[in-house]
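Thanks for coming. I will walk through one model, starting with a term we need and then going from strands to helices to single residues.

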Amino acid sequence: MVTNTRKAGALSRRTALLLAASLAGSIAFSSAAWAQSAPRVKLATSAGDIVVELDQAKAPKTVDNFLQYVKDKHYDGTVFHRVIDGFMVQGGGFTADMQQKPTRAPIALEAANGLKNDKYTIAMARTGNPDSATSQFFINVKDNAMLNAPNPDGHGYTVFGKVVAGTEVVDKIRAARTGTKGGMENVPLDTITIQSASIVK
């Protein structure tokens with residue numbers, strides 16, 4: 001009986017180890033599946049395609065807001081209206097004739113989410129009011145630590161994703177010749193249009 005008990009104990013421990021390994025594998029698979037399910041948006045521009053992956057876990061309100069504008073076709077036909085090489089490229093608010101498109105109500109700032117304004121990340125543009133972001137976004141073309149919360153004004157700028165394809169297109173846009181148009185500075189002289197924005201399945 002003692003021997004059998006020991007064998008049963010050994011079997012129980014072996015079973016427990018197998019179950020633990022299986023559970024760990026399931027968790028790893030679930031994590032991988034979750035990572036792969038992060039929403040992606042393709043910006044088809046006149047300069048080429050850019051794909052951004054959005055971090056819904058760290059910037060839920062911002063991602064939901066951006067995706068709603070995508071679903072509403074708000075970005076289709078808008079332009080990159082502010083391009084500063086060595087800083088960022090900004091779009092999502094104006095048509096080619098520099099008319100600002102109507103937007104929904106602004107959203108709350110989510111800048112203190114741990115995501116940094118590093119090169120090729122996408123972040124929300126805003127006014128001096130931290131809770132004023134609507135549809136306009138920008139893509140950092142260098143590491144812009146001065147935009148990370150609490151810089152530069154005690155609040156920071158909300159990063160909500162990163163470019164996962166088309167960094168060469170971002171580089172092409174940042175190198176565009178710019179000037180003044182419609183009373184605004186740093187506007188590409190050759191219009192760069194977002195022809196469509198769509199959720200990548």
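Two strands count as paired if DSSP finds at least two bridges between them. With that in hand, take Lys-181: its bridge partner in β9 is Met-184. Strand β8, residues 178-181, and strand β9, residues 184-188, run antiparallel and are joined by 3 bridges, so they pass the requirement of at least two. The two strands form a hairpin with 2 residues between them, and Gly-182 there has a positive phi near 60 degrees. Please keep in mind that this is a predicted model.

Now the barrel. It is closed, it has 8 strands, and the order is β1-β2-β7-β5-β6-β4-β3-β10, with antiparallel pairing. From one strand to the next the twist averages 35 degrees.

Let me stop at β5, residues 121-124, and look at both of its partners. With β6, residues 137-140, it pairs in the antiparallel sense over 3 bridges. Phe-137 in β6 is the bridge partner of Met-124. With β7, the pairing of β5 is again antiparallel, over 3 bridges. There, Thr-121 has Lys-162 of β7 as its bridge partner.

Which residues of β5 are buried on each side? In general, the side chains of a regular strand alternate between the two faces of the sheet. In β5, Thr-121 and Ala-123 are on one side, Ile-122 and Met-124 are on the other, and all of them are buried. Both faces of β5 are therefore covered, where buried means under 20% relative accessible area.

Helix α3, residues 167-174, lies across β1, β2, β3, β4, β6 and β7, and runs at about 115 degrees to β2.

Where are the buried residues of α3? They are Val-169, Val-170 and Ile-173. These residues are on the same side of α3, because they cover an arc of only 100 degrees around the axis. The buried residues of α3 pack against β1, β2, β3, β4, β6 and β7. On the face turned away from the buried side, α3 carries the exposed residues Glu-168 and Lys-172.

Is Ala-197 buried or exposed? Ala-197 counts as buried, because its relative accessibility is 1% and the cut-off is under 20%. Setting aside residues up to four places away in sequence, Ala-197 touches Val-41, Lys-42, Leu-43, Val-70, Lys-73, Tyr-75 and Asp-76. Take Tyr-75: along the chain it is 122 residues from Ala-197, yet their C-alpha atoms are separated by 6.1 Å.

Next is Arg-82, in strand β3. At 31% relative accessibility, Arg-82 counts as partly exposed. Beyond its neighbours within four places in sequence, Arg-82 is in contact with Phe-87, Met-88, Val-89, Gln-90 and Asn-186. The C-alpha atoms of Arg-82 and Val-187 are separated by 5.0 Å, and the two residues are 105 apart along the chain.

Asn-148 is buried, with a relative accessible area of 11%. What does the side chain of Asn-148 reach? The answer is the backbone nitrogen of Asn-117, at 2.7 Å. Not counting residues up to four places away in sequence, Asn-148 touches Lys-116, Asn-117 and Gly-156.

That is the end of my walk through the model.

How values were computed. Residues numbered from 1 in each chain as written. Predicted model: local features only at pLDDT ≥ 70, side-chain atom pairs only at ≥ 80, totals over all residues. Heavy atoms only, no water. Helix = DSSP H or I, 4+ residues; strand = E, 2+ residues; numbered from the N terminus. Axes fitted to C-alpha atoms, helices over the stretch in contact; angles between N-to-C directions. Contact = heavy atoms within 4.5 Å. Buried < 20%, exposed > 50% of the residue type's maximum accessible area, 1.4 Å probe, protein only. Polar contact = N/O pair within 3.5 Å; in protein donor to acceptor, adjacent residues only side chain to side chain. Arc of directions from axis to C-beta.
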